[in-house]
Amino acid sequence: MLIEEKRQQMIELALTYGFTAKETVQCSQELDELLNIQLKQTLASQQNTIAPLKLGISLPE
């Protein structure tokens, strides 16, 4: 939910101050950081699921 809130904040800033305004760019960079964190968490989660399967290890249900 935090990502959607940050995205909405960025849109509002862009509409108010412009797409290249300092406030908009800063908010965009903060959104990028949140998205990068989410991507890293997703990839780590997938690695924890995929790695045992590649080794032929069954995961507990």
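The structure is a predicted model, in which local features need pLDDT of at least 70 and side-chain atom pairs count only at pLDDT 80 or more, while totals for chains, interfaces and linings use all residues. Residues are numbered from 1 along each chain as its sequence is written, and side-chain values use heavy atoms, with hydrogens and water left out.

**Overall picture**

The protein chain contains two helices and zero strands. Both terms refer to DSSP runs numbered from the N terminus: helices are H or I runs of at least four residues, and strands are E runs of at least two. Of the 61 residues in the protein chain, 15% are buried. A residue is called buried under 20% relative accessible area, exposed over 50%, and partly exposed in between, with a 1.4 Å probe and protein chains only. The accessible surface of the protein chain is about 5200 Å², and carbon and sulfur atoms account for 57% of this surface. Such areas come from the Shrake-Rupley method with a 1.4 Å probe; for residues, only the protein chains shown count as cover.

**Helix α1**

Helix α1 covers residues 2-17. With 16 residues, α1 reaches 22 Å from its first C-alpha to its last, close to the 22 Å expected at 1.5 Å a residue. The expected span is 1.5 Å times one less than the number of residues in the helix.

The buried residues of α1 are I3, K6, L13 and A14. They cover an arc of only 100 degrees around the axis, so they lie on the same side of α1. This arc is that of the directions from the helix axis to the C-beta atoms. The face of α1 turned away from the buried side carries the exposed residues L15 and T16. L2, also placed in helix α1, counts as exposed at 53% relative accessibility. Just after α1, G18 takes a positive phi of about 110 degrees.

E4 and L31 are 27 residues apart along the chain, and their C-alpha atoms are separated by 9.0 Å. For L2 and L31, 29 residues apart along the chain, the separation is 9.2 Å.

**Salt bridges**

Side chains of opposite charge can pair when their charged atoms come close. A search of the whole structure finds two salt bridges, each defined as a side-chain nitrogen of Lys or Arg within 4 Å of a carboxyl oxygen of Asp or Glu.

| Salt bridge | N to O distance |
|---|---|
| E4 and R7 | 2.5 Å |
| K6 and E30 | 2.7 Å |

E4 and R7 both lie in helix α1, three residues apart, about one turn of the helix. An α-helix has 3.6 residues a turn, so residues three or four places apart point the same way. E4 is partly exposed, with a relative accessible area of 47%, and R7 is likewise partly exposed, at 30%.

The other salt bridge joins the side chains of K6 and E30. K6 lies in helix α1 and E30 in helix α2 (residues 22-54), so the pair ties together parts that are 24 residues apart in sequence. K6 counts as buried at 15% relative accessibility, whereas E30 is partly exposed, with a relative accessible area of 29%. Leaving aside neighbours within four places in sequence, K6 is in contact with C27, E30, L31 and L34, where contact means heavy atoms within 4.5 Å.
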